[in-house]
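Let me put the model up on the screen, and then we can walk through it together.

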Amino acid sequence: MNILKKLIKWLALALLAVGVAVAILWLLNGPESLAENSRSKTRLGQAKYSLSQVGLNITDRNRPTPAMGGFEGADTRTLNGTIWFPEGASSALPLIVYSHGFGGHHKESRHLAEYLASNGYVVAAVDFPLSSLRSPVDVPQLLDVVNQPGDVTAVIDKLLSLNSDPNSVMHQRIDVANIGAMGLSLGGLTTALVAYHPDLRDSRIKAVAMLAPPLESFSDQFYSSSPGVKSLVMSGTLDRVVPEPANATEVKARHLNGWFVSVSKGTHLGFSNLGNPLRWMDNPDDLGCGLLDMMLAKLDLPERWSAVIPNTGGVLRDIVAGAPCPQLPGKAMNGVKQQWLTRITIGSFFDAHLQAGVRAAVANNFFNTVLDSENPEISLTSPR
């Protein structure tokens, strides 16, 4: 018995030592701060309101969920998620709908949703029925992305309904004239479709931000179909999941009215909350690619997006989508630093296009003239 007690004691001490070592490494691997007295650091640290959140539950009875991946299908689409909103605002605020990535979930970029909400936005996000980590399928499904723009529209409809309901906590909180959308990865594709696709777009959306979206298959006609929508594509040079050269760079050549931000040594997972716990890795996308390879191997995927997405008006190029996850040498940016840069970039972009007056003018100046000059990791390309 004494031997057992000693073993337990030494095991506890060993675990404590490992925990202390991990904590020290964690602290030592913190990001370099933004420059003191810079406008970037001020924007990152600002929070105009205290933050609140409520659950969001939608049953869309007008659209079915198709049978995929072992799921038998359903006559409705169920969307569960969260609404983040600021307390104490004296006027109606812009609404932004977030779309998650393949195998992700609606809180995957919570750091961004909370930052926007604390600075005067209502942000809503849901888990998509078949592409989320929490879906009932055997493995998350890519092909249901064609139905996800309709899910974004359903979220907007629901929020505007709550906005008109005197019994709702969201009553009269939303500025119905200023609605935006944003998304990561497959959620970036969803955001592009709901903003630009002739058959799938929602004309209420005024501005969109797409983080590492897989858009290589879309043509010039796709972006010209909604010329009034303000758009930002944000990508990372060390993104292995949606490589920048094949996607953001290709989009830049075809979408002359958009803004593009490239983050030097930025990664795919670095845009999400996973950028924090995985910051010790040379490239967190190594983990993401391992998981992606396992999931894609179980899916029957078409070579061309035109087999899934309507090619109305020639919005799709006749190309085979490139393979994800090339080997990319180099050590990635600290994930927390990438989150910081993402917040101030997305925040200032939406401020410039969904806010008004002095706030919009200040944000427009910061985004177009200060953001990249204060942050050497950022390269900005403005509309040509």
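Let me start with a question: how do the residues lining the second largest pocket divide into nonpolar, polar and charged? The lining of that pocket divides into 7 nonpolar, 6 polar and 2 charged residues. Here Ala, Val, Leu, Ile, Met, Phe, Trp, Tyr, Cys and Pro count as nonpolar, Asp, Glu, Lys and Arg as charged, and the others, Gly among them, as polar.

A word on the ground rules. This is a predicted model, where local features need pLDDT of at least 70 and side-chain atom pairs count only at pLDDT 80 or more, while totals for chains, interfaces and linings use all residues. Residues are numbered from 1 along each chain as its sequence is written, and side-chain values use heavy atoms, with hydrogens and water left out.

Back to the pockets. By pocket I mean, on a 1 Å grid over the protein atoms alone, an open set of points where a 1.4 Å probe fits, with protein on both sides within 12 Å along at least five of seven lines; lining residues have an atom within 4 Å of a point. Volume is the space filled by probe spheres set on the points, and grid points are joined across faces, edges and corners.

The second largest pocket holds about 210 Å³ of space. It has 15 lining residues, and Thr78, Phe128, Pro129, Ser135 and Pro136 are the closest to its centre. Strand β2, residues 77-86, gives the most to that lining, with 3 residues. Helices (H or I, at least four residues) and strands (E, at least two) are DSSP runs, numbered from the N terminus.

The largest pocket holds about 1000 Å³. Its lining has 43 residues, with Phe102, Leu142, Ser185, Val241 and Leu292 nearest the centre. Of the lining residues, 27 are nonpolar, 12 polar and 4 charged. Helix α8, residues 285-296, gives the most here, with 6 residues.

Please keep an eye on Ser185, one of those nearest the centre of the largest pocket. Its phi is positive, about 60°, although it is not a glycine. You will find Ser185 in the loop between β5 (174-184) and α5 (186-196). Ser185 is buried, with a relative accessible area of 10%; buried means under 20%, exposed over 50%, and partly exposed in between, with a 1.4 Å probe and protein chains only.

Asn37 also has a positive phi, near 60°, and is not a glycine either. Asn37 sits in the loop between α1 (2-28) and α2 (39-45), and it is exposed, with a relative accessible area of 79%.

Leu215 belongs to the loop between β6 (205-211) and α6 (220-224) and is buried, at 1% relative accessible area. Leaving aside neighbours within four places in sequence, Leu215 is in contact (heavy atoms within 4.5 Å) with Leu189, Ala192, Met210, Tyr223, Asn247 and Val251.

Now for the interior. In soluble globular proteins, nonpolar side chains tend to be buried together. A nonpolar core is a set of buried Ala, Val, Leu, Ile, Met, Phe, Trp, Tyr and Cys residues joined through side-chain atoms within 4.5 Å. The largest one has 60 residues, and Ile83, Val122, Leu159 and Phe218 touch the most other members. A second, separate core of 40 residues includes Trp84, Tyr121, Ile344 and Ile378.

Leu159 brings us to helix α4, where it is one of the buried residues. This helix covers residues 148-163 and reaches 23 Å from its first C-alpha to its last, close to the 22 Å expected at 1.5 Å a residue, the expected span being 1.5 Å times one less than the number of residues. Why is α4 largely enclosed by the rest of the structure? Because 12 of its 16 residues are buried.

Last stop: Thr345, in helix α9, residues 335-354. Thr345 is buried, with a relative accessible area of 0%. Beyond four places in sequence, it is in contact with Leu232, Met234, Val261, Phe367, Leu371 and Ile378. Ile378 is also among the members of the second core.
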